[in-house]
Structure formats: C-alpha cells, structure tokens
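Open the model in your viewer and keep the selection tool at hand. Each stop says what to select and what is there.

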Amino acid sequence: MRSLAVASRSFSKNQELRNRVLELYPDAKFNDDGKSLYGKALIDFLGDSERAITALEKIDEDILCSLPNLKVIGKYGVGLDMIDLKAMHKYGVKLGWKGGVNKRSVSELVISSSISLMHKAVFANNEVKLGKWYQVKGSQITNKVFGIIGCGHIGKDLVKLLQPFRCKILANDILDFPEFYGEYNVQPVEINYLLENADVISIHLPLDDSTKNILNKQKLDLIKQTSILINLARGGLVDELVLKEKIQKKEIAGAAIDVFEIEPPENNDFALLDNVLVTPHIGGSTEEAILAMGVSAIEGLSNAKDPLSFL
C-alpha cells in the first residue's frame with residue numbers, strides 16, 4: 001500500500017513541493033506524465049494509496065467507491081466544486097482544505113485587469129500591433145464605483161487593495177460582514193443594484209447549483225454600457241454567449257476572463273475582441289500562491305476533517 005499519490009500536474013512539477021512531500025512520504029508518486037486524470041485513469045493512478053493530493057481532478061462517488069484504501073485527500077487550490085463532499089463523507093474519506101490561500105494572487109490580477117481595461121490598454125496595444133499610433137483615451141479606476149459579488153477571502157482582500165483608489169465599494173454576498181464593511185467603508189447591496197451602478201464588477205463566487213449562470217441575460221442586461229466585468233472565479237458563473245454578444249454590440253465596455261465553462265475554450269472568440277483580456281486560468285498561479293496552496297495541501301493530509309464541515 002502506498003502512502004500518497006499526487007494527482008495534480010502543477011503540484012507534481014514544483015520541485016520545492018515535491019521535496020517537502022518526499023520528506024514526509026518517501027514512497028509518494030507524482031503525476032510526472034502531466035496528463036489530466038479523470039475516471040478510470042484517475043482510479044488507476046490513485047490505486048491503493050491511503051492519501052491523495054488533488055486539484056482539478058473530479059472526485060465523485062464513482063471514483064471513491066473504487067478506492068477502498070483512500071482515507072484522506074489534501075486539496076491543492078481553493079475551489080471545492082470538483083469534489084463531492086457528501087460522497088467523501090459517505091465513504092469515510094477526510095478532507096484537508098484551507099480557503100483563501102491564493103487570495104492575494106487573484107486580487108492583484110483583478111486590480112491589474114481593471115486598470116488595463118479602464119485605460120483601454122488592451123485595445124491600444126492591439127492598435128499599435130496593427131501599425132496605428134494615436135492617443136487612446138481611457139479612464140481611471142480612482143473614485144469609480146467598484147462592485148464585488150462574493151465578499152469571501154478574495155473579495156475582502158480586494159477591498160483592502162482598493163483603498164488607495166478611493167473607490168465607492170459595493171458588495172453583494174449571502175452573508176453579512178458588518179464589522180468588515182464598517183472598517184473599510186463598504187456598502188452591502190442587492191445584486192441588481194450593484195450591477196446597475198458599478199463601473200467595475202468583479203465576481204468571486206464558488207460554482208454550485210445556486211450560482212450556476214448567476215449572471216444570466218437578465219442580470220447582464222442591467223450592467224451599464226460603460227462598465228467592465230471581471231471573472232477570475234469559475235467558468236459557468238456567467239452566460240458566456242450573452243456576454244460575448246453584449247461586448248460585440250458595445251453594450252458592455254469590456255471584460256477580463258480567466259475562467260471558462262469548458263477549458264480550454266472551444267473557440268477563440270473572446271481573445272479576438274480588442275476590449276477583452278483573456279488569460280488561461282492564471283488567477284491563483286503566481287509562484288507564491290502555488291507554494292502556499294501546495295503547503296496547505298500537504299498540511300491538510302495530517303489535519304483533515306469531515307468533508308461535511310466545509311458545507
């Protein structure tokens with residue numbers, strides 16, 4: 001029986017994380033083939049291991065019922081949408097997970113994306129590539145209305161980074177954080193009000209049945225023509241077809257998209273738009289965040305809890 005199998009490709013590539021693992025679990029195996037593991041391939045890889053470190057691998061009842069020796073999963077990354085927590089509980093598999101370990105990486109990318117889009121830097125860069133040289137006038141984010149949908153770990157960190165810009169910050173969340181809101185002068189509002197009034201809208205929600213397509217056509221229709229939308233959270237939160245159409249019609253000024261419902265996306269339509277900044281799911285992928293997430297996953301192997309405690 002093997003002590004640990006690391007299914008995550010990016011974790012397996014990181015030499016520092018590998019060294020830390022091997023100090024604790026000398027017989028650990030890694031995903032050195034760099035393949036995306038799912039279904040039978042994932043079952044075969046995890047085999048008779050007692051512990052696993054996973055990232056974007058889907059862990060559901062079909063997987064768990066085929067791994068009777070698996071006792072603990074350390075989650076590399078902050079999203080839990082790929083894990084069936086109830087099925088883990090059913091099969092007695094504990095989960096090591098910590099939220100917010102990559103929050104600064106994501107919130108920094110939100111700020112940089114906001115500035116790039118408001119200053120029309122993406123459009124201006126494309127014009128220069130075409131041999132055109134003229135003054136492109138953008139706008140500052142300073143003193144603008146900044147809307148945050150989901151004020152958890154990342155949302156709160158984003159609020160802190162926004163303080164020097166003197167933005168009016170609107171927040172929408174199913175939970176209330178009165179002390180935090182008061183300290184940082186954040187106005188809690190209903191989602192419709194946020195969409196109608198924010199100049200920059202950044203979404204930071206998990207993907208589940210309650211948030212799937214939360215920004216559908218009805219909601220996207222509320223966004224001002226001069227506003228930009230940023231999704232560095234999860235694909236599936238925004239109706240991508242409607243968003244693309246509204247940007248093409250200039251009914252929304254621009255967007256930054258780091259995540260798609262299908263990754264990689266089936267077409268390059270968004271990347272071809274000159275007022276859209278597309279990145280390949282890099283929000284939490286700074287060197288610092290990768291190390292922090294990896295250390296958290298390793299520590300989670302020894303301090304794992306009942307998965308239902310994370311619901």
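Begin inside: the lining of the largest cavity comprises 7 nonpolar, 3 polar and 2 charged residues. In this count Ala, Val, Leu, Ile, Met, Phe, Trp, Tyr, Cys and Pro are nonpolar, Asp, Glu, Lys and Arg are charged, and the others, Gly among them, are polar. Select N231, R234, G235, G236, L237, V238, E240, L243, I257, V259, F260 and F270 to show that lining. The space they line has a volume of about 70 Å³. The structure holds 1 cavity of 30 Å³ or more. On a 1 Å grid over the protein atoms alone, a cavity is a set of points where a 1.4 Å probe fits but cannot get out; a pocket is an open set with protein on both sides within 12 Å along at least five of seven lines; lining residues have an atom within 4 Å of a point. Points are joined across faces, edges and corners, and a volume is the space filled by probe spheres set on them.

Before moving on, note that this is a predicted model, in which local features need pLDDT of at least 70 and side-chain atom pairs count only at pLDDT 80 or more, while totals for chains, interfaces and linings use all residues. Residues are numbered from 1 along each chain as its sequence is written, and side-chain values use heavy atoms, with hydrogens and water left out.

Show the strands next. In what order do the 7 strands of the open sheet run? The order is 8-7-6-9-10-11-12, with parallel pairing. Strands (E, at least two residues) and helices (H or I, at least four) are DSSP runs numbered from the N terminus; two strands pair if DSSP finds at least two bridges between them. From one strand to the next, the twist averages 15°.

Zoom in on residues 254-257, strand 11, which pairs with strand 12 in the parallel sense over 3 bridges. There, A256 stands opposite L277 of strand 12.

Contact here means heavy atoms within 4.5 Å. Axes are lines fitted to C-alpha atoms, for helices over the stretch in contact, and angles run from 0 to 180 degrees between N-to-C directions. Then select 240-248: helix 12 lies across strands 10, 11 and 12, at about 145° to strand 11.

Strand 1 (residues 4-6) joins strand 2 over 2 bridges, and V6 has F30 as its bridge partner.

**Pocket and local details**

Select L117, K120, F123, A253 and N275, which lie nearest the centre of the second largest pocket, among 15 lining residues. The pocket holds about 370 Å³ of space. Its lining divides into 6 nonpolar, 5 polar and 4 charged residues.

Go to E263 and P264: a cis peptide bond joins them, with omega about -5°. P264 sits in the loop between strand 11 and strand 12.

Finish at N185, in the loop between helix 9 (178-183) and strand 8. Its phi is near 55°, a positive value in a residue other than glycine. Most residues other than glycine have a negative phi, and most peptide bonds are trans.
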